[in-house]
Amino acid sequence: VLDFHNHTEEEAWNMLVQIATSGVRSATVITGASGILKQKFQQWATESILSPYIVSFAPLNNGSFSVKFHKQKELL
C-alpha cells in the first residue's frame, strides 16, 4: 500500500518509482479524493517513464487505485 497523504509531489513520485521497479506485482495507491496527486498519479501511470511498468490501474473508490505492475528488472 502506497499512501500519498502528507507527501509532496516529488515524494509521491519517488515512492511510485520505488515500488514499480521493485518487482512487486500489485499495490493499492491512495491518492486522496481530490488534489494534485490524484491527477498526477493517473498522468504518471499513462504518460511517464513509469507507464511501461504498469500493466493496469483501476479506481477502488474516489481516492485510491488498484495497480498491477509488470514483473521486470529496474530499467530507470
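Me: In what sense do strand 1 and strand 2 pair?

Reply: They pair in the parallel sense, over two bridges. Strand 2 covers residues 26-30. Strands here are DSSP runs (E, at least two residues), helices are H or I runs of at least four, and both are numbered from the N terminus. Two strands count as paired if DSSP finds at least two bridges between them.

Me: Where does this model come from, and how are residues numbered?

Reply: This is a predicted model, so local features need pLDDT of at least 70, side-chain atom pairs count only at pLDDT 80 or more, and totals for chains, interfaces and linings use all residues. Residues are numbered from 1 along each chain as its sequence is written, and side-chain values use heavy atoms, with hydrogens and water left out.

Me: Back to the strands. What stands opposite Asp3?

Reply: Ile30, in strand 2.

Me: And how does strand 2 pair with strand 4?

Reply: In the antiparallel sense, over five bridges. Strand 4 is residues 64-69. Val29 stands opposite Phe65 there.

Me: What holds paired strands together in general?

Reply: Backbone hydrogen bonds, in either a parallel or an antiparallel arrangement.

Me: What's the strand order in the sheet?

Reply: 1-2-4-3, in an open sheet of four strands with mixed pairing. Strand 1 (2-3) and strand 3 (54-61) are at the edges. Each has a single partner strand, so one side of each has no neighbour in the sheet.

Me: How many bridges join strand 3 to strand 4?

Reply: Six, and the two strands run antiparallel. They form a hairpin, with two residues between them. Ser56 stands opposite Lys68 in strand 4.

Me: New topic. Why does the radius of gyration agree with a compact globule?

Reply: Because a compact globule of 76 residues would have a value near 11 Å, and the chain has 11 Å. The radius is taken over C-alpha atoms, and the rule is 2.2 Å times the number of residues to the power 0.38.

Me: What share of the residues is buried?

Reply: 37% of the 76 residues. Buried means under 20% relative accessible area, exposed means over 50%, and partly exposed is in between (1.4 Å probe, protein chains only).

Me: What about the span along the principal axes?

Reply: The C-alpha trace spans about 30 × 25 × 20 Å.
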